[in-house]
Amino acid sequence: MEIKVIGAGQIEIEGLIKSINDVELIKDTISKQMTNNYIKLKIVDSFAIPSSILGYLIKLRAEGVKISMEVGDEGLYELLSDLNVIDEFDIQKIR
């Protein structure tokens, strides 16, 4: 997994998110890059997102942080849709 900061409050994640270290790195990067209570995540090709990341994002959202996401994998998009978080996290498919 590779994380790139692509702008103020914007993070791009490439590769599979699979280890505890990946989760901690993502959470740390989000907390450091959040600007004006906003964060945008672009998950390029992972087909899964750990529940601990989703829980962290839900917590941030409850604290008033605006979150938007782009996902490249159709299966991940469908999973997030099944979890009813598409609108909450303003999730878009990468075209």
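This is a predicted model: local features need pLDDT of at least 70, side-chain atom pairs count only at pLDDT 80 or more; totals for chains, interfaces and linings use all residues.
Trainee: What makes Glu12 count as buried?

Mentor: Its relative accessibility is 11%. Buried means under 20%, so Glu12 counts as buried.

Trainee: Where does Glu12 lie, and what is it in contact with?

Mentor: Glu12 lies in strand E2. Leaving aside neighbours within four places in sequence, Glu12 is in contact with Glu2, Ile3, Lys4, Ile6, Lys42 and Val44.

Trainee: Why is Glu14 called partly exposed?

Mentor: The relative accessible area of Glu14 is 26%. Buried would need a value under 20% and exposed a value over 50%, so Glu14 falls in between and is partly exposed. Lys4, with 32%, is partly exposed by the same rule.

Trainee: How do you know that Glu14 forms a salt bridge with Lys4?

Mentor: The closest N and O atoms of the pair are 3.6 Å apart. The cut-off is 4 Å, so the pair counts as a salt bridge. The pair links distant parts of the chain, with Glu14 in strand E2 and Lys4 in strand E1, ten residues apart.

Trainee: How many salt bridges does this rule give?

Mentor: The count comes to seven. One of them joins Lys40 and Glu70, whose closest N and O atoms are 3.4 Å apart. Lys40 lies in strand E3 and Glu70 in strand E4, so this pair ties together parts that are 30 residues apart in sequence. Lys40 is partly exposed at 24% relative accessibility, and Glu70 is partly exposed at 22%.

Trainee: What makes Lys59 and Glu63 a salt bridge?

Mentor: Their closest N and O atoms are 3.1 Å apart. That is within 4 Å, so the pair passes.

Trainee: How do you know that the side chains alternate along strand E3?

Mentor: Ile39, Leu41 and Ile43 point to one face and are buried.

Trainee: What makes E2 and E3 a pair of strands?

Mentor: They share four bridges, in the parallel sense. Pairing needs at least two, so E2 and E3 pair. In this pairing Ile13 stands opposite Ile43. E3 and E4 also pair in the parallel sense, over six bridges, and there Leu41 stands opposite Met69.

Trainee: Which helices come between these strands?

Mentor: E2, helix H1 and E3 make a right-handed β-α-β unit. From E3 the chain crosses through helix H2 to E4, and this crossover is right-handed.

Trainee: Which residues touch the most other members of the largest nonpolar core?

Mentor: They are Ile30, Leu57, Met69, Leu80 and Ile91, in a core of 26 residues. The elements that give two or more residues to this core are E2, H1, E3, H2, E4 and H3. H2 gives the most, with five residues.

Trainee: What does Met69 touch, apart from residues up to four places away in sequence?

Mentor: Met69 touches Leu41, Ile43, Ile49, Leu57, Leu80, Phe89, Asp90, Ile91 and Gln92.

Notes: Residues are numbered from 1 along each chain as its sequence is written. Side-chain values use heavy atoms; hydrogens and water are left out. Buried means under 20% relative accessible area, exposed over 50%, partly exposed in between (1.4 Å probe, protein chains only). A crossover is right-handed if, with the strands pointing away from the viewer, the path from the first strand over the helix to the second runs clockwise. Contact means heavy atoms within 4.5 Å. A salt bridge is a side-chain nitrogen of Lys or Arg within 4 Å of a carboxyl oxygen of Asp or Glu. A nonpolar core is a set of buried Ala, Val, Leu, Ile, Met, Phe, Trp, Tyr and Cys residues joined through side-chain atoms within 4.5 Å.
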